[in-house]
Structures are given as C-alpha cells and as structure tokens.
Amino acid sequence: MKKFAMVFIAILAICAGLAYGSNQLTKSTGDSGNKVLNLYNWGDYIDPNLLTKFQKETGYHVNVDTFDSNEAMYTKVQQGGTNYDLTVPSDYMVQKMKADHLLVPLDKSKLTGLNNYGASFMNKSFDPGNKYSIPYFWGTLGIIYNDQDVKPGSLEHWNQLWSKKYRNDIMLIDSARDIMGFSLISMGHSVNATNSREMIAAKDKLNRLSPNVKAVVADEIKMYMAEGEAPVAVDWSGEATEMMSQNAHLHYVVPTEGSNMWFDNLVIPKTAKHYKAIYAFLNFMSKPENAAQNARYIGYSTPNTAAFKLLPKKVREDKQFYPPQKVIDKLQVYRNLSAQKVQQYNDLYLEFKMNK
C-alpha cells in the first residue's frame, strides 16, 4: 500500500511538472489564454504607451514579436505553428499573402472608425475594397540631400541624380524594386514594368549612374547621412525622418514626376485565434487620438485623416511627408509580380551593383 502511495505521489509530481512546463511554454509563445493579442510587427513600430493604454482599457495583454522583412514574416506565417493574431505586411505582400490563402477576411460589421481613413489611402490595387487590410502607415521613396552641399530647390527630379556634379556623392538604399523603380520612372515607365526591354534599359541607365554612387547600403544609410558622410541619398520617407531628426541640414524631396507610394497594413493571418482581441485592437488603433499618438511616436505618415487633423501644425504642413494631392496622384504602388519577374528584377539589380 505504501509502495502504491509512493507511485501515486510520483505520478502526481510528474503531472504537475508537465503542467508547469506546458504553462511556461504557452507563456513563451504568447498564448496564455483568451485575454491576449499576439502582434507580429516590424521592430519599434508602435508606441509602447499605446499598448499599455490598450491593456488598461480592454484587459487584453499584447504580446509583440518582431520581423525585419516582409519575406521573413511571410515564411513564418506560411509555415504555421505560430499564434499570431495580427501582422503588418507591406502592400505587395498583402497581395501575395491573399493569393496564397494566408489571410482571413475582415468582418467589417465588427469594425468602427473605418471612415477615419482618407479615400486616397483605401481601396488600393493590392487589396481592392480593403477586404483584408487596414492601412497602418504610408510613405514614399525620395531623395535626401544635405543643404551644406546641395542648394535647396536644385534637386527635385530623378534625372538630376545623373548630373556629373554628384560624382561619388550619392548613397542608395539596398533595395532592388526601389532602385530599379526610380530608374524606370525617370524613363517614363511604371515601377511595375514587366517588359524585359524596359527593365534592361532601366538597369543600363543605372549603370550610367554608377560614377555618382558612393555606396549601396542598408540600414546604416541613416547613420551615414546623419553624420554627413554623403551629400545625397535615395531612401524611404520613414528613414528620412530619422536622419533629419539627427541632422537639421538634411531635407527630403519626392520628385515631381512621381515615385513609389508604400503602405504598411494591419491584417489577420490564418494563424489568428483571439478574434475579440483582434477587433478591439483594430478599433482602438483607428481612433484618431490613438493613431495621432502613434504617428507622433513613429514619425511616419498616417493614413487616418481624422488623426492627421490632431497632429501639430508644423507636421501637417510638412510637404516632405504629407505631399499635396497633385504629387500623391503621381505616386505608384508596387504590385506583387510573378516569381520569374521578381528574379529578373533581382538579377538586373545585382548586375548593376557588380558594375558599381
């Protein structure tokens, strides 16, 4: 009997240990019950104070996991095994995830505040009717220049980058679609060109830009420009805000002939489980006061026009990041291209970099 009791106690101990381990594992993956929201986001891409505010208002705890590229996010969602309730893909990736059946359609009957978003930022080609996505932030690709080296107003067109006066002066963000894209625009073509002759011509024109290119770099471009390592750069508006906050001599320009207009968007991946928390969060982030707070923290452009009205006048009137409608009308959004065309863009871009 004593032996049986000892065995029984041992079994209970093992069960307790397994239960504890399971609980710890659940906590580590962010699925600790129904009062949670598992957000898969870019790094430092939401005001932490908003997460605290959301938790206090709703009782839902937000677990945040981060990614550093659309492709990394896509792969993790596609593989499954995660409990992400919301993620934040860019425009073309929304289209790809939708085509690959990785997204859950929005239940708009549970959404409030959609009318706070401007018509210019809704119903885009990557998600007609916003069936799957709500815009989170938007921005552009443009030119950053240092007024200690470049006269203000003298650099407003893509073709001016080819001027001999910028020899060895330009830094480019390391992005195939973006660099090929501005070359295509400079020739009057679409950033979504699939005609091989147009694509090759854009690469050949980039080859002629090579003498002016000081470096092709990734995130470190922000540090280099802030420290005055180059007079000119081609980069995204969001990156430009960070540079400019560190160096008052830097300015950002969207060329008048057009550029890329990018969107990051909130979507529900197929891994979602906590739907009450999901819609509570989407509605919370759609409130003008919360969207405005987030825009002030992140520094990117908000698509929430009701929130835009709450931003400081200096921000609202900054045409570098909130360009007039006539400029917006010329901006192009990337489409998800076939794997073959994406590879062709990457191959041509690599040829250009090797030529550099």
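This is a predicted model: local features need pLDDT of at least 70, side-chain atom pairs count only at pLDDT 80 or more; totals for chains, interfaces and linings use all residues.

A: Leaving aside residues up to four places away in sequence, Gln344 touches Ser196 and Met199. Gln344 itself belongs to helix 14, which covers residues 339–355. Its relative accessibility comes out at 19%, and because the cut-off for buried is under 20%, Gln344 counts as buried.

Now for the partners. Helix 6 takes in residues 196–209, and helix 5 takes in residues 176–186. These two helices pack with their axes 9 Å apart, at an angle of about 100 degrees. Angles of 65 to 115 degrees count as roughly perpendicular, so that is the label for helix 5 against helix 6. On the helix 5 side, the contact is made by Ile179, Met180, Phe182, Ser183, Leu184 and Ser186. Helix 6 brings Glu198, Met199, Ala202, Lys203, Lys205, Leu206 and Leu209. Met199, then, is part of this helix contact and also touches Gln344. By type, the residues where helix 5 meets helix 6 split into 8 nonpolar, 2 polar and 3 charged.

There's a charge-over-ring arrangement to look at here too: Arg177 lies over the face of Tyr345, 5.3 Å from the ring centre. Elsewhere, Lys35 has its charged end over the ring of Tyr60, at 4.0 Å from the centre.

Searching the whole structure turns up 21 aromatic pairs. One of them is Trp42 with Phe67: the ring centres are 4.7 Å apart and the planes sit at 55 degrees, so this pair is tilted. It ties together distant parts of the chain, 25 residues apart, with Trp42 in strand 1 (residues 36–42) and Phe67 in strand 2 (residues 61–67). Both Trp42 and Phe67 are buried.

Then take Tyr136 and Phe137. Their ring centres are 4.7 Å apart, with the planes at 70 degrees; over 60 counts as edge-to-face, so that's what this pair is. Tyr136 has a relative accessibility of 7% and counts as buried. Phe137 is buried as well, with a relative accessible area of 1%.

How values were computed: Residues are numbered from 1 along each chain as its sequence is written. Side-chain values use heavy atoms; hydrogens and water are left out. Helices (H or I, at least four residues) and strands (E, at least two) are DSSP runs, numbered from the N terminus. Buried means under 20% relative accessible area, exposed over 50%, partly exposed in between (1.4 Å probe, protein chains only). Contact means heavy atoms within 4.5 Å. Rings of Phe, Tyr and Trp (its six-membered ring) pair if their centres lie within 6.5 Å; planes under 30 degrees apart count as stacked, over 60 as edge-to-face and the rest as tilted. A charge sits over a ring if NZ of Lys or CZ of Arg is within 6 Å of the ring centre and within 35 degrees of the ring normal. Axes are lines fitted to C-alpha atoms, for helices over the stretch in contact, and angles run from 0 to 180 degrees between N-to-C directions. Angles under 35 degrees count as roughly parallel, over 145 as roughly antiparallel, 65 to 115 as roughly perpendicular and the rest as oblique. Ala, Val, Leu, Ile, Met, Phe, Trp, Tyr, Cys and Pro count as nonpolar, Asp, Glu, Lys and Arg as charged, and the others, Gly among them, as polar.
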